[in-house]
Amino acid sequence: RDERNQSIIVSGESGAGKTVSAKYAMRYFATVSGSASEANVEEKVLASNPIMESIGNAKTTRNDNSSRFGKYIEIGFDKRYRIIGANMRTYLLEKSRVVFQAEEERNYHIFYQLCASAALPEFKTLRLGNANYFHYTKQGGSPVIDGVNDAKEMVNTRQACTLLGISDSYQMGIFRILAGILHLGNVEFASRDSDSCTIPPKHEPLTIFCDLMGVEYEEMAHWLCHRKLATATETYIKPISKLHAINARDALAKHIYANLFNWIVDHVNKALHATVKQHSFIGVLDIYGFETFEINSFEQFCINYANEKLQQQFNMHVFKLEQEEYMKEQIPWTLIDFYDNQPCINLIEAKMGILDLLDEECKMPKGSDDTWAQKLYNTHLNKCALFEKPRLSNKAFIIKHFADKVEYQCEGFLEKNKDTVYEEQIKVLKSSKFKLLPELFQDEEKVLSPTSATPSGRVPLSRTAVKPAKARPGQANKEHKKTVGHQFRNSLHLLMETLNATTPHYVRCIKPNDFKFPFTFDEKRAVQQLRACGVLETIRISAAGFPSRWTYQEFFSRYRVLMKQRDVLSDRKQTCKNVLEKLILDKDKYQFGKTKIFFRAGQVAYLEKIRADKLRAACIRIQKTIRGWLMRKKYVRMRKAAITIQRYVRGYQARCYAKFLRRTRAAITIQKFQRMYVVRKRYQCMRAATIALQALLRGYVARNKYQMV
């Protein structure tokens, strides 16, 4: 109606129902709008959900289908508001889940779907088995979700892939890479000494991995246990310890999975790409909710940082900008206090904030999680009220987020922020005979310098997360030097720019309890969530404020239909005042600002109802007139047709009657002559007989008379 792009921001804690709510919204748009062509674009948009859930969702202690990445889907419409395509942007895939799951948690659904379908004939070559056989799927000790059939979910995933144009050969390629990741997780290392290790000869998991990936066993076995170091003049090949080898194996598995994830997202976007010009779009943001676990690491830090940014956007839209506009328009208003989370965002992303100090530590040759923690304490402890140090730990820190206090363990922050992968391992994969595998890496620049511990040796977490303008020569390498935290911060800024350029709508998902129990409602938890996400303040400001507003020109254009000709003046403001005084008798329900009219909740709906009634009455009158004219036209046409039909029928009947009369007359004439002929024949016969009888009788009488004489 307003000719503006829209965004639906679905938010809430982990397990509150954000993904399902986003799916319902997308299903609604697909059902209501329909497709602009016979390509069934709306079905493809919906088909992206099972694919993305299988590769990006997992079971956590809070949620059986938790999104471990964020996504923003722009659904494009043409001028008639029919779906023409869509585009998906993803944010911060939780790669660490590929190689580690906490107790009672699972890896990504797709791995368990593969294991559940291992008996299928086409999967025999993948040499899969039960999920408890693989290190990457058994760590959580909970391979099955109650009420979920992984084999059936695999069928749905494959059907969705087919609908989106991913051929069977490409699907098998994807499953081959995923199976390879599972076998890679079972590769074991044996220590030679404290600084070196080896892989047993003809090690079965590595043999299967190399067969599936189409790479040489010796090369992969060598580079899993060694690394290359370069100096100014020479290059050294150095063995690595068992612990470093396990970390390198896990880093490789994470990197393959992240690139496969990006490849699938790219193919989904190609399938959903609009073939005609987009007129407008509705964006649906489904991003991870606020999280706090027993052990919180870099992923939870980024997730909660994203939620702080979204809460800030909500505050800016609903509170700050709202109240500032009242002041600017000189509307009588008493300011309402609300929780401002800008200080928490500054603590994370401002200069010398947590992310800045983390990036700085990543650049240090001997930087570690412990030294980074000390820098945090020195910089922020007792200086920022939102930052605390745990009493019993020197390797953790506490942030007071808008939703709750969260304690983060510093261990692993630097490694995850650098996201190190050894270059030689990637080179082995790029030389694969299996054509899909090099495709995953073909868009990458040089992944690592030979000294792989430096920040330049990281691989970006998600190509789809940040979409910069076309790079200048050398810019791509610079992009690869950015840490994961830096890239995530940039992607969030781009997301905020997109959201701020649209009209936002908020869906707040409230979690009824923390134990995943059905029909169990914890009132205190619900109120805590409502308060944390600003819903209570929103209700207060909506009740006391003026949530709807129009400029005078917009109001005049929209409600001109309610005005009579004599009400229209050259002064638009006075015209609007005169009309509103007649339509809304309670003057407290609206206020006139400098450039806009402000309405309390429900008043625009009331005006819309009056407008709709007026338009309906006018529509009925137009319909009545048009229908009368159409019926008259139809009647005249039918009457003319009836007369024509009658004329032809009567003519036909007259001709038939004339023919009948002629035939009757002819029949009578024939009968007359026939009867005359019959009667004459009978008469002549009788006459001849009579004459003969008379002649005989007279002869007899004459002879008798003659004899008597």
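The model is predicted: local features need pLDDT of at least 70, side-chain atom pairs count only at pLDDT 80 or more, and totals for chains, interfaces and linings use all residues. Residues are numbered from 1 along each chain as its sequence is written, and side-chain values use heavy atoms, with hydrogens and water left out.

Let's begin with helix α23. I626 sits in helix α23, which covers residues 603-708; helices are DSSP runs of H or I with at least four residues, strands are E runs of at least two, and both are numbered from the N terminus. Q603 belongs to helix α23 as well. Beyond residues up to four places away in sequence, Q603 touches I584 and K589, where contact means heavy atoms within 4.5 Å.

Next comes a site taken from a record. An unreviewed UniProt entry places a "binding site" at G12, E13, S14, G15, A16, G17, K18 and T19. Of this set, G12 and E13 are part of the lining of the largest cavity. K18 lies in helix α1 (residues 18-33). Its contacts, apart from neighbours within four places in sequence, are V10, S11, G12, E13, D286, I287, Y288, G289 and C509.

Most residues other than glycine have a negative phi. Y81, not a glycine, has a positive phi of about 60° and is located in the loop between β4 (70-77) and β5 (83-91). D419 also has a positive phi, near 55°, and is placed in the loop between α14 (413-418) and α15 (423-430).

Here is how these residues compare in exposure, where buried means under 20% relative accessible area, exposed over 50%, and partly exposed in between (1.4 Å probe, protein chains only).

| Residue | Relative accessible area | Class |
|---|---|---|
| I626 | 42% | partly exposed |
| Y81 | 39% | partly exposed |
| Q603 | 11% | buried |
| K18 | 7% | buried |
| D419 | 7% | buried |

Conventions. UniProt positions renumbered as here; feature names shortened; annotations may be inferred. 1 Å grid on protein atoms, 1.4 Å probe; cavity = no way out; pocket = protein on both sides within 12 Å on 5 of 7 lines; lining within 4 Å.
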